[in-house]
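Biologist: I'm new to this one. Could you walk me through how to read it?

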Amino acid sequence: MEQFYKDPHTPVRMREGLFGAYVDVFARQLSDEGYARSSGRYALQVVADLGHWLSARGIAVPQLTTKHLERYLDCRSSHRHRRSGDSAILRRLFALLIEKGIVAQELRPPGIPGERGRILDSRSAKAVS
């Protein structure tokens, strides 16, 4: 995660958040896929913001569902400047958590709206039309 931040204290703070146990793996994925420094930092900030949002509602990571992610995106849209890539960041995070066995796969996921109407199929963790 250090490749995205100049300040050595930032990764330490990120690891203290709700997703702290998973943030290094997530950052490594971003780095391996060639994310630019600013894009990686933005993605990690979206994850940190999601962690704050979940904590404020008493939701632990293993309880996370796509419905929570939908509500978070709605909240983000109404209170903050939401970027078009936010859904993709959350799909990537959710897929990682499924892969690690942290969250359960949903039998019939409601889906996380993506760009151009794509929906996450949490069984395969891929966007489908």
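This is a predicted model: local features need pLDDT of at least 70, side-chain atom pairs count only at pLDDT 80 or more; totals for chains, interfaces and linings use all residues.

Biologist: Which residues lie nearest the centre of the largest pocket?

Modeller: Rolling a probe the size of a water molecule over the atoms shows where empty space is left. Here R13, M14, G17, A48 and H52 lie nearest the centre, among 15 lining residues (a pocket is an open set of points on a 1 Å grid over the protein atoms alone where a 1.4 Å probe fits, with protein on both sides within 12 Å along at least five of seven lines; lining residues have an atom within 4 Å of a point). The largest share of the lining, 6 residues, comes from α3 (helices are DSSP runs of H or I, at least four residues, numbered from the N terminus).

Biologist: Which residues of α4 are buried?

Modeller: An α-helix has 3.6 residues a turn, so residues three or four places apart point the same way. In α4, the buried ones are T66, H68, L69, E70, Y72, L73 and R76 (buried means under 20% relative accessible area, exposed over 50%, partly exposed in between, with a 1.4 Å probe and protein chains only).

Biologist: Why does Q29 count as partly exposed?

Modeller: Because its relative accessibility is 22%. Q29 sits in helix α2, residues 23–32. Leaving aside neighbours within four places in sequence, Q29 is in contact (heavy atoms within 4.5 Å) with R92 and L96.

Key: Residues are numbered from 1 along each chain as its sequence is written. Side-chain values use heavy atoms; hydrogens and water are left out. Helices (H or I, at least four residues) and strands (E, at least two) are DSSP runs, numbered from the N terminus.
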